[in-house]
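I open this notebook to record what I looked up, entry by entry. The sequence and the structure come first, and my notes follow.

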Amino acid sequence: MARNDIPPQKPLPQKPEKPRFNMTWIYIFVMAALVFAYFFGGDKTTDSSASKPATYTEFQQMVKKGYVKEIKINNVEHELNLYIKPEHIREVFKQPVKQTGKSPYLIVQYGSAEKVENFIDQQRNDKKFVGSVAYDNKQHSGWWDILISFGPIVLLVVFWIMIMRGFGKGGGMGGNIFGVGKSKAKVYEKDEAAAITFKDVAGQEGAKQEVQEIVEFLKNPQRYTDLGGKIPKGALLVGPPGTGKTLLAKAVAGEAGVPFFSMSGSDFVEMFVGVGASRVRDLFERAKAKSPCIIFIDEIDAVGRSRSKNPNMGGNDERENTLNALLTEMDGFGTNSGVIVLAATNRADMLDSALLRAGRFDRQINVDLPELNERKAIFDVHLKPLKLDESVDVTTLARQTPGFSGADIANVCNEAALIAARKGHNKVVPQDFLDAVDRIIGGLEKKTKVMTNAEKRSIALHEAGHATISWCLEHANPLVKVTIVPRGRALGAAWYMPEERQITTKEQMLDEMCSLLGGRAAEELFVGSISSGAMNDLERSTKQAYSMIAYLGMGDKLPNLSFYNNYENQFQKPYSETTARLIDEEVMQLINSQYERAKEVLTEHKAEHNKLAEVLMEREVIMAEDVEAIFGPRPWTSRSQEIMKEEEAAREAEEQRKKELAEKMAAERFPDIPEGKEKEEEK
């Protein structure tokens, strides 16, 4: 037979696919059986008694004739049932007893329950009705009865279906029941993350240089992997609150153009066992699906705190299980998978050592409080939306806010705008910024607080003592203004403009301590008694004295020794009782010597101090110009200005050098090739 003559083979009959088993059909069948049993089940002899409606007139006739053996009254639905005597069933229903049942009844609607009761009482008196009367005030509704009967069953069935679906997705009690094991990370896609770049992060130049390498890894990973390098797995941003750690992480994602998973450390911790570990695994699975990407965990100390060596001493097993899962995931996924973990904390000393080892968080990036030039850049960012007066100087604002973080500077700008609007200004003037700084540091002014003349004079002498000593000592911070207007919990305050220092000498610390004790010394000298107003000054000076003696090694009897203890959970001091006694003696001697020094300075400038106190009582607020008019020019002001100018010139030279170096590196990386030479190379 020729090949073309071969008859085509019939396809084999396919077996029909069996429908997959579904528990939902069982639930529907059970519900249908219960409904059928409710409506069609039961005893036919008792539940099949006939009934028919009747009028109120027929009701009266039946009672008068003596046909009724029982009356059931329902006052809720204004309805009564007349149960007919057996010998009168055929006459009333026109049917035999076998068809109507043993207890047929008539259903009568009535209007007034009082009339019905009066009618029944009258028929009893006439001996025409001798039956019983019962009251049934239940509301008979078919749907209501069904809901009461089957509502709990329906709820149990629905709850069971949801639990079964949760088991099917999560795979057990530690799995995803109602989605509780899913991570709560917010995902910012490429377009959303690109809205924030390094241009939006003012200051923090050092931190931006360190994270720039991570951006290069994400943009061009092959450039590093071809040489055998490994992409870092994690970077830890460490710094005080409000310095811009979260903003810097978003800028990294925006510069790299990759998805950004943002989550807080507290989102992992739950009361259910295994939920935190499940969320960690789910987070990394989602991140691997969108690789390359960045995972950012804010406040990682909530889950990454150091594990207890003794598990019986209050350890949180759930938190430790979550930390173990995080350690496993960071050490488990591939080194070149393109998933980088960024974390932020201001308590790096509390993190577990396994989390900080090489291979997990490979590098720590310090995000410190901004310096002078960085504060100027931050002010430039937050001052853009404000309507400023021409007299506003950004450099002066930056000098007046030492120790302020980026969040604090944003708050100052916003508060200045609110104060200007409250005063009715068209533009924000420098005084509004000064008031904003005072408001944030000291609190709201309380001009309505009532003080006696004696209290007011004592406060004026106290604050004038601070101003006098800070003006007369070389290393004390320059004075800005003094006020005796109550603000917050303070009854008065003196504002200074501290210098930017990288290191602080012993002489500078002693002058600052002497300035702090000047208020108490002025009270003792010129009031004749001391008060409770110097509590904050004494607290600060005592802490500074202990720091100088115990930590910085500046004592005469304990020189060059530091007993700094960085472990909060240690139950004993790192020195003996004898050393503790020496520390206490040196601290007491140091504070007393500076207190006597303050009294000597005040005694020497007694006339100027008293005049300053009188002006302060009269005006309530005096500026540095008023103090200069009384004491004369500060001897060290010119030298301080020269130092500030030298520092400013050094900073500008350093910035110019960095800019030239960056341009040189860019030119070496992307050299300009002439067009003709490029064509020759292509050939």
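Predicted model: local features only at pLDDT ≥ 70, side-chain atom pairs only at ≥ 80, totals over all residues.

**Entry 1: the sheet**

In what order do the five strands of the open sheet stand? I read the order as β1-β4-β3-β2-β5, with mixed pairing. I then looked up the edges, which are β1 (51-54) and β5 (132-135). Each of these two has a single partner strand, so one side of each is left without a neighbour in the sheet. Direction ignored, neighbouring strands are turned by 25 degrees against each other on average.

I next took up the pairing of β2 (residues 68-74) with β5. The two run parallel and are joined by four bridges. Here I located Lys 72, which stands opposite Ala 134 in β5.

**Entry 2: helices on the sheet**

Which strands does helix α3 touch? I find that α3 (residues 56-65) packs on the sheet and touches β1, β2, β3 (79-84) and β4 (105-109). The direction of α3 makes about 130 degrees with that of β4. I also looked up helix α6 (residues 113-125), which lies across β2, β3 and β5. Helix α6 runs at about 160 degrees to β5.

**Entry 3: positive phi**

Lys 127 is not a glycine, yet I find a positive phi of about 65 degrees for it. I place Lys 127 in the loop between α6 and β5. Its relative accessible area is 68%, and Lys 127 is therefore exposed, the cut-off being over 50%.

Glu 620, also not a glycine, has a positive phi of about 75 degrees. I place Glu 620 in the loop between α24 (606-619) and β14 (621-623).

**Entry 4: salt bridges**

How many salt bridges does the structure hold? I record 10. As a general point, side chains of opposite charge can pair when their charged atoms come close.

I looked up the pair of Asp 435 and Lys 423, whose side chains meet at 2.6 Å, N to O. Asp 435 lies in helix α18 (residues 430-442) and Lys 423 in helix α17 (residues 406-423), so the pair ties together parts that are 12 residues apart in sequence. Asp 435 is buried at 19% relative accessible area, whereas Lys 423 is partly exposed at 43%.

The side chains of Arg 597 and Asp 511 meet in another salt bridge, at 2.9 Å, N to O. Arg 597 is in helix α23 and Asp 511 in helix α20 (residues 506-516), so this pair ties together parts that are 86 residues apart in sequence. I list Asp 511 as buried, with a relative accessible area of 4%, and Arg 597 as partly exposed, at 29%.

I also checked Arg 619 and Asp 626, whose closest N and O atoms are 3.1 Å apart in their salt bridge. Arg 619 is partly exposed at 49% relative accessibility, and Asp 626 is partly exposed at 22%. Finally, I note that salt bridges with shared partners join Lys 423, Asp 432 and Asp 435 into one network.

**Entry 5: a surface patch**

Which residues form a nonpolar patch on the surface? I find Tyr 551, Leu 552 and Tyr 564, with about 340 Å² of accessible area together. I place Tyr 564 in the loop between α22 (535-551) and α23 (577-604). Tyr 564 counts as exposed, at 55% relative accessibility.

Conventions. Residues numbered from 1 in each chain as written. Heavy atoms only, no water. Pairing = 2+ DSSP bridges. Axes fitted to C-alpha atoms, helices over the stretch in contact; angles between N-to-C directions. Contact = heavy atoms within 4.5 Å. Patch = residues over 30% accessible without salt bridge, like charges linked within 9 Å, V, L, I, M, F, W, Y side chains within 5 Å. Areas by Shrake-Rupley, 256 points an atom, 1.4 Å probe, with all protein chains shown as cover. Salt bridge = Lys/Arg side-chain N within 4 Å of Asp/Glu carboxyl O. Buried < 20%, exposed > 50% of the residue type's maximum accessible area, 1.4 Å probe, protein only.
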